[in-house]
Amino acid sequence: MATINFGGVQENVVKRDEFPLNKAQEVLKNETVAVIGYGVQGPGQALNLKDNGVNVIVGQRKGTGSWKKALADGWEEGETLFEVEEACKKATVVMNLLSDAGQIQAWEGIKKHLTKGKALYFSHGFGVTFYEKTGIVPPKDVDVVLVAPKGSGTSLRSMFLNGQGLNSSYAVFQDATGKARERALALGIAIGSGYLFETTFQKEVYSDLTGERGVLMGAVAGIFEAQYNVLRQRGHSPSEAFNETVEEFTQSLMPLIADNGMDWMFANCSTTAQRGALDWKGKFREATEPVLNELYDSVVSGKEAEIVIEANSKPDYRTKLEEELNVMKNSELWQTGLEVRKLRPKL
């Protein structure tokens, strides 16, 4: 484990050279790992584990779109692909990668197969942290661990295939065997993590729910819409408004920030842009910080979890969700984006 100075704060990080793949394989050599759920995270984690030589099976409801996807990805019914409970029964490590709503619905069926000494793995702290709302309380005689890739399962898989790694957080909620941390780190390396930083189930879910509602998705989408609307209202064309709001941000600036940091990007743009951005960033920070504090309080109170659980429990949830998503898809902003992306030169 390496101790790294992050902006003046010392943190422990587990890197691949300190916990190499061959060590992970040794830790997992006698395990049967069942990936439960084949939706967002399931395919990437399952395929990476398989390619890294871990004994993996997949558990999914038969006949669903995800079952068909698993078959298309090479998992074989009755050999490496099973119904959820059958997979849990066969496993020594149960990786619960169902959606938060799916975990609530499937919990009783999964729980009865969590016998002494097994490990229960999550990639999100939601179910365990908000147990009063989800009912997910693991048995006391199993290890309970978390490895949460900081990105989609699609990114985890594509980066793995490119020889890269997505950073992940890890946590131990319950160590029944004395091997929980070692199991978590081995699984984290074997799914393709570039490095692992320590957290808790509670901190993971608090930061995750805040992040996706804030900067990662909600805030960015809202700011895109606001600036696009202002430019359109002030007489700019759809293409100009889109290019100055989204295209330049995603295609030019974000890659620079990703590779070198915001400070480098500021230092390498025009002096006009530097002056304006430095003058205005404080105003945006002051305007949004109270909103983000309100959001964090809503997460900690359990209100956001309650909203998610209640929404997912309604029989028409999927229909209503599609209606909301279609409003965004069919908006002038994102229909303009559809056409702009077609104009990008192909390699």
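Residues are classed here as buried when the relative accessible area is under 20%, as exposed when it is over 50%, and as partly exposed in between, with a 1.4 Å probe and protein chains only. By this scale Asp208, at 23% relative accessibility, counts as partly exposed. The structure is a predicted model, in which local features need pLDDT of at least 70 and side-chain atom pairs count only at pLDDT 80 or more, while totals for chains, interfaces and linings use all residues. Residues are numbered from 1 along each chain as its sequence is written, and side-chain values use heavy atoms, with hydrogens and water left out.

Strand β3 is joined by four bridges to strand β4 (residues 56-59), the two running parallel, and the bridge partner of Ile36 in β4 is Gly59. Between β3 and β4 the chain passes through helix α2 (residues 42-51) in a right-handed β-α-β crossover, the hand being right if, with the strands pointing away from the viewer, the path from the first strand over the helix to the second runs clockwise. Strand β3 also pairs with strand β6 (residues 93-96), again in the parallel sense and over four bridges, and here Val35 stands opposite Met95. Elsewhere in the sheet, strand β9 (residues 166-174) runs parallel to strand β10 (residues 193-198) and is joined to β10 by four bridges, with Ser169 opposite Phe197.

Salt bridges were assigned where a side-chain nitrogen of Lys or Arg lies within 4 Å of a carboxyl oxygen of Asp or Glu, and a search of the whole structure finds 16 of them. One of these joins Asp51 to Arg157, with the closest N and O atoms 2.9 Å apart; this pair links distant parts of the chain, since Asp51 belongs to helix α2 and Arg157 to helix α8 (residues 153-161), 106 residues apart. Asp51 is partly exposed at 44% relative accessibility, whereas Arg157 is buried, with a relative accessible area of 18%. Another salt bridge, between Glu86 and Lys90 (3.7 Å, N to O), lies within helix α4 (residues 84-90), where the two residues are four apart, about one turn of the helix. Both members of this pair are partly exposed, Glu86 with a relative accessible area of 35% and Lys90 with 40%. The side chains of Glu212 and Arg213 also meet in a salt bridge (3.1 Å, N to O), and Glu31, Asp143 and Arg183 are linked in a network of such contacts.

An unreviewed UniProt entry carries the annotation "domain: KARI C-terminal knotted" for residues 200-347; annotations of this kind may be inferred rather than shown by experiment, and their positions are given in the numbering used here, with feature names shortened. Over residues 200-347 the chain is 83% helix and 0% strand, and the end C-alpha atoms are 43 Å apart. The unreviewed entry also gives the annotation "binding site" for Asp208, Glu244 and Glu248, which are spread over 41 residues of sequence and also in space, up to 28.9 Å between C-alpha atoms. Of these, Asp208 lies in helix α10, while Glu248 lies in helix α12 (residues 238-260) and is partly exposed at 39% relative accessibility.

The loop between α10 (201-213) and α11 (218-233) contains Leu216, which is exposed, with a relative accessible area of 65%.

Notes: Two strands pair if DSSP finds at least two bridges between them.
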